[in-house]
Amino acid sequence: MREDSLGDDLVAGSLATGLAALVPGGGAAEAVIRGFIRRLREEHARNTSVAWHAATAASGLSREDLMEFVEENPRGVPMYLLILHAAGTNGYEETLRAMGAVFGAAANSAKLGDVSEVERADAALRAMSDLTPQHFRALKQVLDHPPKLTVEGSLSYSQSTHEAVAVALDVSLGDAAQYLLNLAAAGLVTMTGLTDGLTGHEATAVGRAVCDAARWVGAP
């Protein structure tokens, strides 16, 4: 019997025993609980694979190289655990691909001797773990509408304000503001120039790379 299967059986048996003590007939739930646990394990494995696929694609490194980074860099293990946690609690492919891409880029930079990128990636991964597809739609809106030079010689951010993002995503102004705030915390956008008194936003280099990863790095 496989070790993970044995673990599933033990957990299911324990839960079913507790359920039987509380609910008449609860002991019959063991098979259902065991199946549920196994489905959770399979989903977690699939989500983790999505993130690793993005990491290897973004960095050009093998999985062995990535694990070497995890083992040798002090921040490697916490970053790796953040991705595993997101694979179990977030589950959105856009988020997992983007996190994998950021992790892979950090590993590649460390391999080239640039450890500063590792610190930025660590902070970004923490902020990204709760991002949803709506966040990436907001990022795409900002990315696709960079500031434009007006006839007066100033920059207009009219298509990257909270209001513009709310209209583009068909969400409330409050939701749009929260999406942009989360993206800024993750280092994917910056809050910059004003247009008619409204704050505009601009995608960072990391934001552009992450958006590309979320859109184009396919799951295996």
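Analyst: Glu117 touches Ala106 and Ser109, once its neighbours within four places in sequence are set aside. Glu117 belongs to helix α6, which covers residues 116-128. Please keep in mind that this is a predicted model. Glu117 has a relative accessible area of 18%, and because buried means under 20%, this residue counts as buried.

Beyond residues up to four places away in sequence, Met79 touches Phe69, Phe103, Ala106, Val118, Ala121, Asp122 and Leu125. Met79 and Phe103 are among the residues with the most contacts inside the largest nonpolar core, along with Met128, Leu139, Leu183 and Val210. That core has 45 residues, and helix α5 (residues 93-111) gives the largest share of them, 7 residues.

Phe103 leads us on to the aromatic rings. The whole structure holds 3 aromatic pairs. In one of them, the rings of Trp52 and Phe103 have centres 5.7 Å apart and planes at 80°, so they meet edge-to-face. Trp52 sits in helix α2 (residues 30-59) and Phe103 in helix α5, so this pair ties together parts 51 residues apart in sequence. Both Trp52 and Phe103 are buried. Together with Phe69 and Tyr80, Trp52 and Phe103 make up one aromatic cluster, and Phe69 and Phe103 from that cluster are among the contacts of Met79.

Definitions and conventions:
Residues are numbered from 1 along each chain as its sequence is written. This is a predicted model: local features need pLDDT of at least 70, side-chain atom pairs count only at pLDDT 80 or more; totals for chains, interfaces and linings use all residues. Side-chain values use heavy atoms; hydrogens and water are left out. A nonpolar core is a set of buried Ala, Val, Leu, Ile, Met, Phe, Trp, Tyr and Cys residues joined through side-chain atoms within 4.5 Å. Buried means under 20% relative accessible area, exposed over 50%, partly exposed in between (1.4 Å probe, protein chains only). Helices (H or I, at least four residues) and strands (E, at least two) are DSSP runs, numbered from the N terminus. Contact means heavy atoms within 4.5 Å. Rings of Phe, Tyr and Trp (its six-membered ring) pair if their centres lie within 6.5 Å; planes under 30 degrees apart count as stacked, over 60 as edge-to-face and the rest as tilted.
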